[in-house]
Amino acid sequence: MALATFLTAQVPLLVTALYLLVGSSVDSGAALRASALLAVAALGGAALTLLVLGALLAPVRLTSFVLERYLDDRSKPDLPAGFTDEAGRLMADARHAIDYLDSTIHSLEGLSGTDHLTGLPNRRSGEERLAEDLARAKLGGALLTVAVVDVDKFKTINDTYGHHAGDLCIRHVADVMGRSVREGDWLARWGGDEFVLALWDASLFASPEAALGRISTELRRSPVRLSGGEQLVLSISVGARRYAGEDDFREILAKADAAMYQAKREGRAWVLAG
């Protein structure tokens, strides 16, 4: 399209320059100068045309990019809003379509019980398993600790580096926690940057303190590497509650969640709810 625009707008000028240079009876020096001016005008016009076309096509390229990125890794688009021209409407429509599609996929994943980003159990599946584990602990007398885990400064990461970087961080934390707990314990993504860990206290090595210490140590040792070359060392805040037979799963989660916020306020890695 750019070539067609160039030919349409600039060929008449170039033909005129060629006529003055070759076929005109005008003095050759004057013809050469006139031809040079016309050629410069033609090239300048072409450059301006290409710049204008580039500016007009920029929203289309941006919309295409965010659509491709969403299809590749489900990253939500960062499209500007508030424009009233055709390009603005295109971006607004694309954003609306992706939001609607993402909401639909989340609803379907909620029914499936699996979190799309990490492959972990989602909140619905986690609540079912937690209720089963609490019943098991109550009947068998085993000691169960429920921990609510929150990624520190996650909003700042999203605002600074974009949602794609935020998704990388969530997957990284999920992977580190999954490797740091023993078989029989389990991890679920509760939503956003929040996870829930269920830990059975079978031995000192498997205690919540030991498991959470391993997770924090591994996060410090293995920063997230972003596509731009930046490295982010992540940390977590944890609130935990040991099941003592009196709480249902909602109460134990609420107490662990309150302890997590206490840990954040006090700058501590984790707090055990009383």
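Which residues touch the most other members of the largest nonpolar core? I started my notebook with that one, and the reply is Val173, Met177, Phe195, Leu197 and Ile215, in a core of 30 residues. For the term itself, I noted that a nonpolar core is a set of buried Ala, Val, Leu, Ile, Met, Phe, Trp, Tyr and Cys residues joined through side-chain atoms within 4.5 Å. Buried means under 20% relative accessible area, exposed over 50%, and partly exposed in between, using a 1.4 Å probe and protein chains only.

**Ground rules**

I am looking at a predicted model, where local features need pLDDT of at least 70, side-chain atom pairs count only at pLDDT 80 or more, and totals for chains, interfaces and linings use all residues. Residues are numbered from 1 along each chain as its sequence is written, and side-chain values use heavy atoms, with hydrogens and water left out.

**Overview**

I found 8 helices and 7 strands in the protein chain; these are DSSP runs numbered from the N terminus, with helices (H or I) of at least four residues and strands (E) of at least two. The chain has 274 residues, and 39% of them count as buried. I also looked up contacts, meaning heavy atoms within 4.5 Å. Among those with a separation of 6 or more, 62% join residues 24 or more positions apart.

I went back to ask which elements give two or more residues to the largest core of 30. They are strand 1 (144-151), helix 5 (154-161), helix 6 (163-180), strand 3 (194-200), helix 7 (208-221) and strand 6 (236-242). Helix 6 supplies the largest share, 7 residues. Apart from this core I noted another one, of 18 residues, including Val146, Trp186, Tyr243 and Ala256.

**Helix pairs**

I checked helix 5 against helix 6: their axes come within 6 Å and cross at roughly 140°. Axes here are lines fitted to C-alpha atoms, for helices over the stretch in contact, and angles run from 0 to 180 degrees between N-to-C directions. Helix 5 and helix 6 are therefore oblique to each other. For the wording, under 35 degrees is roughly parallel, over 145 roughly antiparallel, 65 to 115 roughly perpendicular, and the rest oblique. Phe154, Ile157, Asn158 and Tyr161 of helix 5 make the contact with His163, Ala165, Gly166, Cys169 and Ile170 of helix 6.

Next I took helix 4 (residues 123-140) and helix 8 (residues 249-266), which pack at about 105° with axes 10 Å apart. That angle makes helix 4 roughly perpendicular to helix 8. On the helix 4 side I listed Glu127, Leu130, Ala131 and Leu134, which meet Phe249, Ile252 and Leu253 in helix 8.

**Single residues**

Is Ser216 buried or exposed? Ser216, in helix 7, counts as buried at 18% relative accessibility. Its C-alpha atom is 9.0 Å from that of Met177, 39 residues apart along the chain.

Gly228 is in the loop between strand 4 (224-225) and strand 5 (231-232) and is exposed, with a relative accessible area of 63%. Gly228 and Tyr161 are 67 residues apart in sequence, yet 9.3 Å apart C-alpha to C-alpha.

Most residues other than glycine have a negative phi. Lys153 is also exposed, at 68% relative accessibility.
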